[in-house]
Amino acid sequence: MLKRPSSRRRSHPAEIQINLVPMLDALVTMISFLMYTMAFLSFTMIESPLPIVSPETNQHQLRDRPLQLTLTINEKDLLLWSPFDLIPQRTIQNKQDGQPDVLKLHEALIAIKQKFLTENKLILVPKGVTSYDTIVAVIDAAKALEKTDPIIVIKNEKTGVQEQAKTLFGEVVFGNLLGGDE
Amino acid sequence: MRSTIRTRRGRKKIHKDFELQLTSMMDILVIILVFLLKSYTVSTNSFSSVPGIQIPISKTQELTPDSLHLIVTPDAITFENQRVVEFVKTVDSLEKDSAKAQSYAFKNEDLDEGGMRIARLYDALNRAREKAELLRAQSTARDQNGNPLPFDGIIAIQADKRVKYDTLRKIMYTAGAAQFRIFRLLAMRQDQ
């Protein structure tokens, strides 16, 4: 006579079910809150101070002969120059689509920055017909340091510690704000 | 429409112990939540986009604190939600894509100082500066010498990417004349 099989093997373990409804409520509430308070448009800004002209500053400049790196945005090219001829004048032709070659400009500015490490100011001289979009693109190329760019190390004058530069030419001033194109 | 006996018989009955499977829905919601938390940005200013203008895109990642706000729309210049100066209307500017056709030219009577200063905008900016100075004088906040905090002179400029520098220069010149010393050119942040 066969023995009756054990009932232990047939018995199924009791299923534990977590009540997910309150967790679901919390998630839906959090998602709603995040979507309601989220800023979908993210603005950024390019800050530029008003150029201040004073006889004292002019006298200091004539004496010290700073780089005073100037970038003229012409209709067909970009012109990099220094009023005191501290760098050779360089012309960067626009691309075939008529837009300024910001990559070449960025490379040229990095080379200048490596020679003049403490210089942080760029004077921008756009023409009257230059579009706002072009101005923003040129300022981006002049200010931002990309991850692929060579590392530029500058000595912090306050602490005396060598630090990696965060911006290329961080201070951009409009040079012809108070006058005309010429 | 009344259901027939056949369709009523064919309909499957739901068992009393039926439970909705919420696990997959939980998975979806958790993924949405993680995505939102990752890309969550809170705005600290009251700037908003304006219909009809295309804002340029910039790599700059600087946050934009709230400040006085000037918008150059295809039709006019708006300062602190008030229409200050209207541009010259041309036939082309009445087209659908008015920002493209707009010349952003000022009327001669709106300009002074050799065509560089926008008179109405100058008045509006001066009023805003005087109001800010009055509020600072009434405030309890003081500098080291006990004087009211100086006027910061910051203005945020939002314009279409096709606006020419000639228009921007006149605006910045006018703002400078009204003792605004710092210009914040607004752009859309490019995702890195």
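This is a predicted model: local features need pLDDT of at least 70, side-chain atom pairs count only at pLDDT 80 or more; totals for chains, interfaces and linings use all residues.
## Where chain A meets chain B

In strand 8 of chain B, Leu185(B) is the bridge partner of Ile46(A). Around the pair, strand 1 of chain A and strand 8 of chain B (residues 182-189) run antiparallel and are joined by seven bridges.

Let's step back to the whole interface. The size of an interface is often given as the accessible area lost when the parts come together. Here are the totals for the two chains:

| Feature of the A and B interface | Value |
|---|---|
| Residues from chain A in the contact | 44 residues |
| Residues from chain B in the contact | 55 residues |
| Area buried between chain A and chain B | about 4600 Å² |
| Share of that area from carbon and sulfur atoms | 67% |

Now for the polar side of the story. Across the interface, 19 residue pairs are in polar contact, with both residues at pLDDT 80 or more. The count of salt bridges between chain A and chain B is two. In a salt bridge between Arg184(B) and Glu47(A), the closest N and O atoms are 2.8 Å apart.

Which elements give two or more residues to the side of chain A that touches chain B? They are helix 2 (21-37), strand 1 (43-49) and helix 5 (132-143) of chain A. Helix 2 of chain A gives the most to this side, with ten residues. Sorted by class, the side of chain A that touches chain B has 26 nonpolar residues, eleven polar ones and seven charged ones.

How values were computed:
Residues are numbered from 1 along each chain as its sequence is written. Chains are lettered from A and ligands numbered from 1 in the order in which they are written. Side-chain values use heavy atoms; hydrogens and water are left out. Contact means heavy atoms within 4.5 Å. Buried area is the accessible area (1.4 Å probe) that two parts lose on being put together, summed over both. A salt bridge is a side-chain nitrogen of Lys or Arg within 4 Å of a carboxyl oxygen of Asp or Glu. A polar contact is a pair of N or O atoms within 3.5 Å; within protein, one must be able to donate a hydrogen and the other to accept it, and residues adjacent in sequence count only if both atoms are side-chain atoms. Helices (H or I, at least four residues) and strands (E, at least two) are DSSP runs, numbered from the N terminus. Ala, Val, Leu, Ile, Met, Phe, Trp, Tyr, Cys and Pro count as nonpolar, Asp, Glu, Lys and Arg as charged, and the others, Gly among them, as polar. Two strands pair if DSSP finds at least two bridges between them.
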